[in-house]
Structure formats: structure tokens, C-alpha cells
Amino acid sequence: MLETFGPAFADRDRPLLSFGLPFTESLPKHTDELHASRIYIICSGSLARRTTYLDELKRALGSKVAGVRVGMKPHSLWSEILEVVADARKCNTDLIATLGAGSLTDAAKIVSFALANDVSTHAELDTLCPTSSQKREEIKPSQVPVVCIPTSLSAGEYSASAGATNDETGQKHSFSGALRGPALIILDPELTTTTPDQVWLSTGIKAVDHCVETLCSLESDSAADQDARNGLAKLIPGLIKSKQNPKDLEARLDCQLGARDAMSACTRGVPLGASHGIGHQLGPAGVGHGETSCILNPAVCKYNYRKGANIERQNVIIQSLWADSEARQIFIQRRLERETADLGDLMDAIIRALELPRTLKEFGIGEDKLGGIAEHSLKDRWVKTNPAPLDKEGVLEILRMVLE
């Protein structure tokens, strides 16, 4: 297969996207073009333990490998980010490459940002947060380029923002502004077959959630809506086929390109809603990145619909899902009716067909934890932009819908 290479998004120069070559060929080729000679690799722990892919990449890069970090915990903990910052600084790295799933991507973006601003402590990292009371006046843009080789569908590699959890407070924060997104993304569907099915499928639902919340937003536009529709058209059948046959590389590439389309929509600046906003706070409570959308998306859709916030926009999505033959088969099997099933019902059916989690109880989260999650959620920018306005009681209502 020949390489397809160029801008990931039709109307933007960066990031660049490569697919069609094995990642062990693509990364060395493009690091030469980026004039990188001291490459720092951040690799998934499970990928390093269970496969030979890290060793193959190190052999392909040879003497250009300046340092390696194996394994980082989910939700990008500040303490671990600062460990990598110190190591990368010591290595004098000129390029960071990630091999693995979403948390590594966010971590790498923040590492590059922190290196540019001479950060080494929690307090100093806090000064780069847009919402921090201690935000510094002069913040320098990221300098060390990041190249991402993703193994999930979280698709954070396409954005110029990143989320990370301050493990001293338990709150997840977003970094943006002068933070720069990755320079290059390399897609290799063969590599993704090493990803556990639940991670692949749940992060696929996260990408679907990007599309759905874009299409549900009252502040979207025609370009973002088209990106989101394109994403859904690839992701829904791609995920269903991936579930049926995990070795279907065409379906997996469709999912990867659908996740790209989803992020094209998100990176246009359309504000998302409470599925993402509350989900940011479920992460530190122990829910996986993609699984937050599996739990919350149907409930948020139902909440907004009941409040009359975005009925017309939800109805358009409903029509497109019924038009998809793979999705329609699931709806028929679950005895859903076109006239009565709302968007929350359709999303619930798809998520259950993929055998993904649907309740907080599955993660040991009970009523006693909901108040704290709700309070943290109210500080999130996307809770504030949910189509139906939310106060603490509204967030609690959504959380109780998915309690068990």
C-alpha cells in the first residue's frame, strides 16, 4: 500500500497525517524531514510488555533515540508529566514520539509545553492553566514537535489542547492557548489490533461523542456539522464491523479516519456539552477515557431533549443513524421504533451492542460520590456550554440517570 500523506484537515496546514506505511517506516522517514536527531519515545506500558513494537521502533530509529518512557497512568497525572519533563530536558530532546493511546498524547503535548516554559513543579505547571488564579503573564508556545502514533480512537492527537489531572487535588485541567498540537500523526491499523477490544471500541464511542455533541451544539456551523456527519458515517459501521471482526483492517482504518473527521469538527471551536464536561471529572473517579462517553452520552442526549434544548438538531442525527444499515440492524434487533426512539435510545442500543459499560455502578461509583463529581463538573468549560443550562441539580440528575 502506498503512503497517503498531507494535512489531516482539508482547510489547515497542520497537523500532518500519514497512513499506508508501517509506522516503523513512516516515523524514521518523517523525523528526517523534521531534522530531529534526539527523539524521546513515550510508549504504552502494555504495548511494551506484550509486543515487540517498541523494540522494532527503537531499531528503526537507531542512534536517534535519546530516551524512552514506558507506561503512564490514565488521565495524564501531573506528577508523571513532570517526571517526563525532567527526563526529556536531561536528554535535550528535539522531538517527542508517542506510541500508544490517548493519555500519552495529552501528556506529550503538555511535556513540550512545559519544556518551553521551564516548568518542573506542580505549582509551575499550574501557572500554564488558562483558568488558574496563578496564571503567568508571559507563556511561551511549545517548541519541541510531537509525533503521535495512536492505538486508540480518542483522537486527542488532532487538537491543540490537552487535559491532565492534578494528582494533588484530583481535578482535571485543560491546557490550551500557546500549547501546540502534534506536528504529525501516523495511522497504522495493523498496530491497533494489539489494543484491547474494550479500549478500541470505547474510545471509538468517545469519537462518536465528539460528532454527536458537535451536531447537538447550538453554536455549531455548517463546516463543523459536515465534519461530524462524515465522522459518524465512518465510525458507526466501522465500530460495528470491528466488533464483529477485530482483524478487519479496512474497518479499523475507517474508524481512525472517522475519529479524524470528528476532531476536525471539534477543532473548529464548536463548544461541546455535558457528556464531555462531566466525563472529564469521571476520569479521576476511575472511569476510562472512552467509557465516560459510553456512560454519559445517552443520558445527556435525553436530558437536553427533555429540556427542549436541541430537539431539531437531535432529530437530524436520529434520521442519519436510521439510514445507516449496520446501525439500523441493531435498532431492529432491539425492537426500537422510528417514531418513539429518541437519540439517547439509539446511542444506548449501539453502545450495548458493542458490549460496553453503561453505568457508574460498574466502576464502583455510588450516590455518595456524586456531589463531588457534580461540583467539579460545574467548573468545566463544556458543562457551561451544554445546550440545556446546568446547575448542580441538573448535573446530579444526569449522574443519577446512569448510576445503575
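The structure is a predicted model. Helix α4 meets helix α5 at an angle of roughly 55°, and helix α16 meets helix α18 at about 125°. The second largest pocket holds about 200 Å³ of space.

**Helices α4 and α5**

- Helix α4 covers residues 78-91 and helix α5 covers residues 102-116; their axes come within 9 Å of each other and cross at roughly 55°.
- The crossing of α4 past α5 is right-handed.
- On the α4 side, the contact involves Ile81, Val84, Val85, Ala88 and Arg89. On the α5 side, the partners are Ala107, Ile110, Val111, Ala114 and Leu115.
- Sorted by class, this contact contains 9 nonpolar residues, 1 charged residue and no polar ones.

**Helices α16 and α18**

- Helix α16 spans residues 370-377 and helix α18 spans residues 392-401; they pack at an angle of about 125°, and their axes are 9 Å apart.
- The two helices, α16 and α18, are therefore oblique to each other.
- As α16 passes α18, the crossing is right-handed.
- From α16, the contact draws on Leu370, Gly371, Ile373, Ala374, Glu375 and Ser377. From α18, Lys392, Val395, Leu396, Leu399 and Arg400 take part.
- The residues of this contact comprise 6 nonpolar, 2 polar and 3 charged.

**The second largest pocket**

- About 200 Å³ of space lies in this pocket.
- The pocket is lined by 15 residues, and those closest to its centre are Gly20, Leu21, Asp188, Pro189 and Glu190.
- Two elements, α7 (189-192) and α10 (249-266), each give two or more residues to the lining.
- By class, the lining consists of 11 nonpolar residues, 3 charged residues and 1 polar residue.

**Lysine 379**

- Leaving aside residues up to four places away in sequence, lysine 379 touches Gln171 and Lys384.
- Lysine 379 and glutamine 281 are 98 residues apart along the chain, and their C-alpha atoms are separated by 9.9 Å.

How values were computed: Residues are numbered from 1 along each chain as its sequence is written. This is a predicted model: local features need pLDDT of at least 70, side-chain atom pairs count only at pLDDT 80 or more; totals for chains, interfaces and linings use all residues. Side-chain values use heavy atoms; hydrogens and water are left out. Axes are lines fitted to C-alpha atoms, for helices over the stretch in contact, and angles run from 0 to 180 degrees between N-to-C directions. Helices (H or I, at least four residues) and strands (E, at least two) are DSSP runs, numbered from the N terminus. Angles under 35 degrees count as roughly parallel, over 145 as roughly antiparallel, 65 to 115 as roughly perpendicular and the rest as oblique. A crossing is left-handed if the near helix is turned anticlockwise from the far one by less than a right angle, and right-handed if clockwise. Contact means heavy atoms within 4.5 Å. Ala, Val, Leu, Ile, Met, Phe, Trp, Tyr, Cys and Pro count as nonpolar, Asp, Glu, Lys and Arg as charged, and the others, Gly among them, as polar. On a 1 Å grid over the protein atoms alone, a cavity is a set of points where a 1.4 Å probe fits but cannot get out, and a pocket is an open set with protein on both sides within 12 Å along at least five of seven lines; lining residues have an atom within 4 Å of a point. Grid points are joined across faces, edges and corners, and a volume is the space filled by probe spheres set on the points.
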